[in-house]
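These are my notebook entries on a structure that I have not examined before. I record below what I looked up, entry by entry.

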Amino acid sequence: MSRKYQSLIFNDVRQIAKDPMLLASLLGPLAIIAFARFGFPFLSIWLEQQFSFYLYTYSDFTVAFLLLIIPLLPGAMSGLLMLDERDENLISYYAATPLTRHGYIFYRLALPCFLSAMLASAFLLLSGIAAMQFENLYTIILLTLEAPCLALFLVAFAANKVEGLALSKISGLLFAGPIAAAFIPDPLQYLALWVPTYWPAKTYLLGTLNEPYFALASFALGLLFHLFLLQRLSSMYLKRTD
Amino acid sequence: MRLIKMIRHDIQFQWRHRFYFAYMVVCSVYLLLLHGIPSGYKEKTAMLLTFSDPSALGLIFAGGILLLEKDQGIHDCLFVTPLRLTEYLVAKACSLSLLSLIAAWVIHGFSLGMPSSPFLFSLGVLLSSSFFTLLSIGVVVRTQSINGFILLIQLYALPFTIPLLSLLDWGPRMLYSLFPTYGSLLLLSSIYRPIALHEIIYAIGILIVGNIAIFIWARHSFQQRILLG
């Protein structure tokens, strides 16, 4: 690992003790995994007894929905951290070090990507309600890209942390992705194509329907869309920082 | 007069930082969601949404505003003017409560129409919103960063969500009645059921007591940690 990132990593590890949000982005997804593993069966029995509602009918949707929370948590956290650092003019200091501004962005986005990939994989393996299928690999890749997309969306459009909070409120719209992919009938569903979270959910759901070619196509389109977003948002962010 | 100017300034600040735009989007999503809910559950869902979002919007936003003001060094300049800390805090609570009220009315008005008791509904939203805003201010002065604040506020706000269990008829009512937020739920439930007079008196009373207590705590915390810290 490059030496220039070492001081940032040490600083962040120290920060975990001081700023428990970093720890929360780890514990939050773990709590989601625990809920899917232990809470979901309990909840489904309760709903069945109380309301004759069969939650297991919606387990594929539940997986697509809960999986989405995993990258959104570190993504939003990283975006708000970058805004905090920009408000305190720290980014100009980082830019003047061997780290450079690009290195700073890379570092800030790499951590949520890594966390998303690890925790989304853990969810698919350990939740007990996810389908074991090859398409999960596509889903993990798309989910990994969700985190930097959200972080960059916040820093590209928000002038400061207060606007970042307002925008993170709007980013609740991202939950529309899996809802559209699971419940909206076909021609109308295409209205959700511009929602980034539609693609990992759709890819996962197509996998559960035994549609390997459609799942591959969905992954390919989703990947292109996410790369396009990353490119646009990072150039917008750099322009704003200048 | 100073207070009114401060409230107007806070509203302009919130407008400039797109709070109203954000809530326009959020309200639209909630309206879509309520549209898809079966009519038997719509009222209760609308009440829960009103309690958890518009009423509690100050919980996150007030803290964010204070952190930004701290970074910009506004407090040092602000409190050398004749503005009093009480006016500053009341203005924050009033301006954010107004946004809460507008959002709550939009959600309710467009999904269920006029609340059966508009006065109690509005009072419930306003008093809950000011309570959460002041709680947020009391918490944010204890943190340095936005992420630290977001986590800490969850811990402080969590006990005030306990009365939500009353909707599932879990546990004794007496336990819930200790929380001001039980008063919020009672007043907001006026949208789908008539409330007895003693419930109205209790709900308004506990919310006023809760607001006063949290105001004193927030004022003391701000004084100790920002002005004297």
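Entry: backbone of chain A. I began with Asn89(A), which counts as exposed with 9 C-beta neighbours inside 10 Å, because a residue with 12 or fewer falls into that class. I note that the model is predicted. I located Asn89(A) in the loop between H3 and helix H4 (90–95) of chain A. Its phi is positive, at about 60°, although Asn89(A) is not a glycine. I kept in mind that most residues other than glycine have a negative phi.

I then looked up Ser52(A), which is likewise not a glycine and has a positive phi of about 50°. Ser52(A) sits in the loop between H2 and H3 of chain A.

Entry: a helix pair in chain A. I turned to H3(A) and H7(A), which pack with their axes 9 Å apart and at an angle of about 160°. H3(A) is therefore roughly antiparallel to H7(A), since angles over 145 degrees are classed in that way. I recorded the crossing of H3(A) past H7(A) as right-handed.

Which residues of H3(A) meet H7(A)? I listed Ala76(A), Gly79(A), Leu80(A), Leu83(A), Asp84(A) and Asp87(A) from H3(A). On the side of H7(A), I listed Lys161(A), Gly164(A) and Ser168(A). By class, the residues of this contact are three nonpolar, three polar and three charged.

Entry: chain A against chain B. I found 20 residues of chain A in contact with 20 residues of chain B. Helix H2 (21–51), helix H3 (59–87) and helix H7 (161–170) of chain A each give two or more residues to the side that touches chain B. The largest share of that side comes from H7(A), with seven residues. I sorted the side of chain A that touches chain B into 11 nonpolar, two polar and seven charged residues.

Entry: the nonpolar core. I looked up the largest nonpolar core, which has 125 residues. Which of them touch the most other members? They are Leu67(A), Phe123(A), Leu154(A), Leu134(B) and Ile137(B). H3(A) gives the most to this core, with 14 residues.

Key
Residues are numbered from 1 along each chain as its sequence is written. Chains are lettered from A and ligands numbered from 1 in the order in which they are written. This is a predicted model: local features need pLDDT of at least 70, side-chain atom pairs count only at pLDDT 80 or more; totals for chains, interfaces and linings use all residues. Two residues are in contact if their C-beta atoms, placed from the backbone, lie within 7 Å. Helices (H or I, at least four residues) and strands (E, at least two) are DSSP runs, numbered from the N terminus. Ala, Val, Leu, Ile, Met, Phe, Trp, Tyr, Cys and Pro count as nonpolar, Asp, Glu, Lys and Arg as charged, and the others, Gly among them, as polar. A nonpolar core is a set of buried Ala, Val, Leu, Ile, Met, Phe, Trp, Tyr and Cys residues joined through C-beta atoms within 7 Å. A residue is buried if 20 or more other C-beta atoms lie within 10 Å of its own, exposed if 12 or fewer, and partly exposed in between; C-beta atoms are placed from the backbone. Axes are lines fitted to C-alpha atoms, for helices over the stretch in contact, and angles run from 0 to 180 degrees between N-to-C directions. Angles under 35 degrees count as roughly parallel, over 145 as roughly antiparallel, 65 to 115 as roughly perpendicular and the rest as oblique. A crossing is left-handed if the near helix is turned anticlockwise from the far one by less than a right angle, and right-handed if clockwise.
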